[in-house]
Amino acid sequence: MKAAVYTAKNDPPHLEVVELPYPEPRPGEVTVKLLYVGVNPIDYWIAGGRYPIASPNRIVGSEGYGVIDSVGEDVEDLSVGDYVTIYPWLFCGSCRYCVNGLENLCINVGIVGGAVDGCYAEYIRLPAKNVVPVESGVGEYLAVAGVSALTAYHAVAIGDVSKGDNVLVYGASGNVGMFILQYARFRDANVYGVSRWSWITEYGALERIHHEELEKYVADRRLEFDVIFNSLGGDLFSESIRYLSRRGRIVTFGGLKNMSTELDIAPIYRLELRIYGSTGGTYKEFLEVVDHLSSGTVKPRIWRVYPLDMADEAIKNLFHPERSGKILIKI
Ligand SMILES: [Zn+2]
């Protein structure tokens, strides 16, 4: 089969398309013929060496949608020909976090495309519990369930977004941001997105705000935010804290620009601010996200679709200045 692997840790990453053996399923596993694959920053960080969780020659890619091609022994309820989408967190099912339904925090956790070969390939072999059957015909939107939509759904739950809350989303046109807008809007919040793209108002944002105008925009309207979502990290993280209301919540699920920053502690205790972390999502939430994408309750904005042969260009264009939506690979 054809697959895109990274042969050395480079920044920016470099992927090569190579020929590899068909991944036969072992007991308890299935092999999925991939149809569409989502491209995410985590793929970029793994292949670029920022997340040292995989060695070279790993196939990256945590999001995928396809059809079951072969089924290993001891697999029930899944058959060849079933359309499926992938839950990317490899979980043990028996640790104290798994038994409490927090598979994303499993002490034996790994991610597809990091701990095992991922989705930038014609076929992927996975534990049967990591694939979820879906209706055929929904198509490429289900490729974005496992990272983009799930991360957003979990983060909005962690932030406890409630009716009437003022919500500010940094990176609102990003892979996850576009879904946070939609999920926060469904909770009847007033959602403001920081972005240069006006299309975010079609995805749940009440207003689109350019970052360079944010300070004045907030001051002119005496706005304060009950919940802020910020996965950009760095100085933008510390900046955003000053826009919080008293007892406001800030939710971080990444540090796209920079993982460290300097924080002024005074407003955190004086205004009783809350800082929440969020990572991926639980298995139960994943099933709900699959329903939302299948029914069209939420949807991604697709920017470009590349063939597998152009996986290298696809991953490099994650940081293209004109990127305006999700990148997919059509296998
Ligand atoms: Zn576990």
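Biologist: Are Lys 326 and Glu 63 buried or exposed, and what does buried mean?

Modeller: Buried means under 20% relative accessible area, whereas exposed means over 50% and partly exposed lies in between, with a 1.4 Å probe and protein chains only. In this predicted model, Lys 326 is buried, and Glu 63 is buried as well. The model is predicted, so local features need pLDDT of at least 70 and side-chain atom pairs count only at pLDDT 80 or more, while totals for chains, interfaces and linings use all residues. Residues are numbered from 1 along each chain as its sequence is written, and side-chain values use heavy atoms, with hydrogens and water left out.

Biologist: What joins the side chains of Lys 326 and Glu 63?

Modeller: A salt bridge is a side-chain nitrogen of Lys or Arg within 4 Å of a carboxyl oxygen of Asp or Glu. Here the side chains of Lys 326 and Glu 63 form one, at 2.8 Å from N to O. This pair links distant parts of the chain, with Lys 326 in strand E17 (residues 326-330) and Glu 63 in strand E4, 263 residues apart. Strands (E, at least two residues) and helices (H or I, at least four) are DSSP runs, numbered from the N terminus.

Biologist: How many salt bridges does the structure hold?

Modeller: The structure holds 12 salt bridges. Among them, Arg 58 pairs with Asp 117, their closest N and O atoms being 3.1 Å apart. Arg 58 is buried at a relative accessible area of 19%, whereas Asp 117 is partly exposed at 31%.

Biologist: Which residue meets Arg 249 in a salt bridge?

Modeller: Asp 165 meets Arg 249, at 3.3 Å from N to O, and both residues are buried.
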